[in-house]
Amino acid sequence: MPGTPFGVVHLDVPAVTSGLAVGSLVAGIVSVLVSLLVVCVGLVGADGDGAWAAGAFTVLGALTGAGAVGAGLFGLRQIRRPMPPPAVRFAGRGLAWAGVSCGGAGLLLNLGGLGLALLVGLS
């Protein structure tokens with residue numbers, strides 16, 4: 001307040017990278033890597049057992065892909081939320097979008113790899 005010995009200070013708090021966004025990106029990358037494992041196991045084990053093993057890894061890849069999409073969307077919501085000045089602001093919109101896209105791609109690649117493993121195993 002001008003003219004008084006008292007003053008109001010607002011400290012600028014730097015933005016913090018959202019943990020949900022980082023976790024989403026990590027889970028999305030894991031989902032894509034597991035999809036490569038699904039395809040490799042499904043094609044190598046063409047005698048019939050490969051489809052079962054590929055199915056087990058598909059469950060893991062699908063769960064991490066779905067988790068990446070969910071965490072990325074929650075991270076985007078956390079980043080978008082307006083906060084008053086003394087509160088912590090979150091950054092990492094690009095990380096969250098990358099996690100959502102990697103998670104979705106990993107989910108689709110896992111399901112496609114399982115389909116390929118079943119196709120090779122049945123023929």
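**Ground rules.** The model is predicted, and I take local features only at pLDDT of at least 70 and side-chain atom pairs only at pLDDT 80 or more, while totals for chains, interfaces and linings use all residues. Residues are numbered from 1 along each chain as its sequence is written, and side-chain values use heavy atoms, without hydrogens and water.

**Overall.** I listed 3 helices and 2 strands, taken as DSSP runs numbered from the N terminus (helices H or I, at least four residues; strands E, at least two). Read from the N terminus, the order is β-α-α-β-α. Of the 123 residues, 29% are buried; buried means under 20% relative accessible area, exposed over 50%, and partly exposed in between (1.4 Å probe, protein chains only). I then looked at contacts (heavy atoms within 4.5 Å). Among those with a separation of 6 or more, 81% join residues 24 or more positions apart. The accessible surface is about 7500 Å², with 77% of it on carbon and sulfur atoms; areas come from the Shrake-Rupley method with a 1.4 Å probe, and for residues only the protein chains shown count as cover.

**Helix H3.** I checked the span of H3: its 30 residues reach 44 Å from first C-alpha to last, close to the 44 Å expected at 1.5 Å a residue. The expected span is 1.5 Å times one less than the number of residues. Its buried residues include Gly-99, Val-100, Gly-103 and Gly-106. H1 and helix H2 (49-80) are among what covers the buried residues of H3.

**Ser-24.** I looked up Ser-24 in helix H1 and found it buried, at 0% relative accessible area. A polar atom of its side chain lies 2.7 Å from the backbone oxygen of Ala-68. Beyond neighbours within four places in sequence, Ser-24 is in contact with Ala-68, Ala-71, Gly-72, Ala-96, Gly-99 and Val-100.

**Leu-73.** Leu-73 lies in helix H2 and is partly exposed, at 45% relative accessibility.

**Nonpolar patch.** Val-22, Val-26, Val-30 and Leu-95 make a nonpolar surface patch of about 270 Å². Patch residues have over 30% relative accessible area and no salt bridge, with nonpolar side chains (Val, Leu, Ile, Met, Phe, Trp, Tyr) joined within 5 Å and like charges within 9 Å. A salt bridge is a side-chain nitrogen of Lys or Arg within 4 Å of a carboxyl oxygen of Asp or Glu. Helix H1 (residues 19-44) gives the largest share, 3 residues. Leu-95 is found in helix H3 (residues 93-122).

Note on methods
Polar contact = N/O pair within 3.5 Å; in protein donor to acceptor, adjacent residues only side chain to side chain.
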